[in-house]
Amino acid sequence: MEARMQGKVQQLSDSNRRIMEADAAPPLRVYQAWKGSNIFFLGGRLIFGPDVRSLIATVCLIVIPVIVFAAVVPRQLAHGYQNQIGGWVASVSIIFTAYILVLLLLTSGRDPGIVPRNAHPPEPEDIGESSNSSDWPGGQHGSAGLPLTKDVIVNGVIVKVKYCHTCMLYRPPRCSHCSICNNCVERFDHHCPWVGQCIGKRNYRFFLMFVSSATVLCIYVFAFCWVNIGKIMDTHDCKLGRAILKSPISAVLMLYTFVAVWFVGGLTSFHLYLISTNQTTYENFRYRYDRRTNPYNRGAVQNFIETLCSRIPNSRNNFRAKAKEDSAAFTSSLSMGRVLSPPKMSMDLEMGTKRQAVAMEDMEDIHSQIGSSMRLEQCGTEPPHLVGRKGSSEIASDIGTFAEEFGMEGRFTERKKIERYRNDNP
């Protein structure tokens, strides 16, 4: 019995300590309670995808060839000319590379257009009459009675939007859920592993500028390496093979940029085609708008203006704001759109009366056990296994100290007097 009482006291003490620590802990920020797979830096100022490490490889593929080019090729070019062409060639390549790295950071380190997820599914009556459950087998509805799709009208064309079980919302048109970042992204284009981020409404323009600028850089390096090889052939009156042996760095850079330009150049050309028809990569591979009407196509000129010249909307997420209590304390995800019951509250931190009432009930339970133990001592029937341990009077003293922590010493002292009177007058 004594061991049980000691365990009860220790449990109450630990619970009180945890409550005090929770009261003193600073509130969580949104990026700290974020349910997606993103990685944040600088206190939530930069947001990356979970594959942010791929950025290291991308930066190395850009920077290392440019360093080698700027250190070798311009110096060889300067020997054959009276002006300072070598210095200009090196300076332009370095400045242009810095510009490309800034575009890379703007592409990978910003919110691509994440749609904030809901804490609860929408109410079925809020969906409207345009809902459609025909995509469910047998016309069934999803969890919480929600249909899988509903119809919206875009430029006079009916477009189906799907319900996202993870984010608990109906995705806006052109929005899709990225399985890598675990977010719904507006105007989702694709998830690019080379930049470690989703490409969406808020960073698509910077992505296009990045790949097109990388294409120009490859052409620039290839052109001046070819000029250097040609200068060596004219200076030494030799053929191509011998000129390559005299400047192998130029030959290696030419081969590297020739291969790279097919990748970044092809990507640039493909996205220029997508812009001209107002498609995303996801829509092009999934819906094939060339076989049916594209509700977003406004003509090539208007499509380019909309994509490249329109204002970039502000982020719908304030990652540095204080997280709401439901998202900060209950961060468990929802499975397949099914609402999980909230965790049982052990104690209301905002209501001291509830905390005191719960503690008082436990105190009365402990004190009743102490009274029983004291009566055992008086009768001489204390179990043998309790001999040699802390007496009941010492435990009562510990509980009295514990009662003072809860501000209940008055009620506890009164209860002790009553028990003492009962023991003295059986």
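**Reading a predicted model, one feature at a time**

Reader: Is arginine 187 buried or exposed, and what about aspartate 237?

Author: Buried means under 20% relative accessible area, and exposed means over 50%. Arginine 187 has 13%, so it counts as buried. Aspartate 237 is exposed, because its relative accessible area is 72%.

Reader: Okay, let's zoom out. How many helices and strands does the protein chain have?

Author: The protein chain has 12 helices and 10 strands. Of its 426 residues, 38% count as buried.

Reader: How do I read the contacts along the sequence? What share comes from residues 24 or more positions apart?

Author: Take the contacts in the protein chain with a separation of 6 or more; residues 24 or more positions apart account for 64% of them.

Reader: And the surface: how much of it belongs to carbon and sulfur atoms?

Author: The accessible surface of the protein chain is about 24400 Å², and 59% of that belongs to carbon and sulfur atoms. For a local example, look at Leu61, Trp194, Tyr256 and Phe263, which make a nonpolar surface patch of about 390 Å². Phenylalanine 263 sits in helix α6. Its relative accessibility is 45%, so phenylalanine 263 counts as partly exposed.

Reader: Staying with helix α6, where in the model is serine 250, and what does its side chain pair with?

Author: Helix α6 covers residues 248-277, and serine 250 is part of it. The side chain of serine 250 makes a polar contact of 2.8 Å with the side chain of serine 247. Serine 250 counts as buried because its relative accessibility is 0%. If you leave out residues up to four places away in sequence, serine 250 touches Val73, Gln76, Cys225, Asn228 and Ile229.

Reader: On to charges. What is the count of salt bridges?

Author: The test is a side-chain nitrogen of Lys or Arg within 4 Å of a carboxyl oxygen of Asp or Glu. The count comes to 4 salt bridges. Among them is arginine 174 with glutamate 283, where the closest N and O atoms are 2.8 Å apart. Arginine 174 lies in the loop between β6 (169-170) and β7 (176-178) and glutamate 283 in helix α7 (residues 281-286), so this pair ties together parts 109 residues apart in sequence.

Reader: Are arginine 174 and glutamate 283 buried or exposed?

Author: Arginine 174 is buried, and so is glutamate 283. Now try aspartate 151 and lysine 160, whose side chains meet in a salt bridge at 3.4 Å, N to O. Aspartate 151 has 23% relative accessibility, so it counts as partly exposed. Lysine 160 is partly exposed too, with a relative accessible area of 44%.

Reader: How far apart are the closest N and O atoms of arginine 298 and glutamate 306?

Author: They are 3.3 Å apart, and the two residues form a salt bridge. Arginine 298 counts as partly exposed at 49% relative accessibility, and glutamate 306 counts as partly exposed at 28%.

Reader: Last one, the cysteines. How many disulfides does a search of the whole structure find?

Author: The search finds 0 disulfides. Cysteine 178 is in no disulfide: the nearest cysteine sulfur, that of cysteine 198, is 3.2 Å away. Cysteine 178 is buried, with a relative accessible area of 3%. Cysteine 60, at 37% relative accessibility, counts as partly exposed.

How values were computed. Residues are numbered from 1 along each chain as its sequence is written. This is a predicted model: local features need pLDDT of at least 70, side-chain atom pairs count only at pLDDT 80 or more; totals for chains, interfaces and linings use all residues. Side-chain values use heavy atoms; hydrogens and water are left out. A disulfide is a pair of cysteine sulfur atoms within 2.5 Å. Buried means under 20% relative accessible area, exposed over 50%, partly exposed in between (1.4 Å probe, protein chains only). Helices (H or I, at least four residues) and strands (E, at least two) are DSSP runs, numbered from the N terminus. A polar contact is a pair of N or O atoms within 3.5 Å; within protein, one must be able to donate a hydrogen and the other to accept it, and residues adjacent in sequence count only if both atoms are side-chain atoms. Contact means heavy atoms within 4.5 Å. Patches are made of residues with over 30% relative accessible area and no salt bridge: like charges are joined within 9 Å, nonpolar side chains (Val, Leu, Ile, Met, Phe, Trp, Tyr) within 5 Å. Accessible areas come from the Shrake-Rupley method with a 1.4 Å probe; for residues, only the protein chains shown count as cover.
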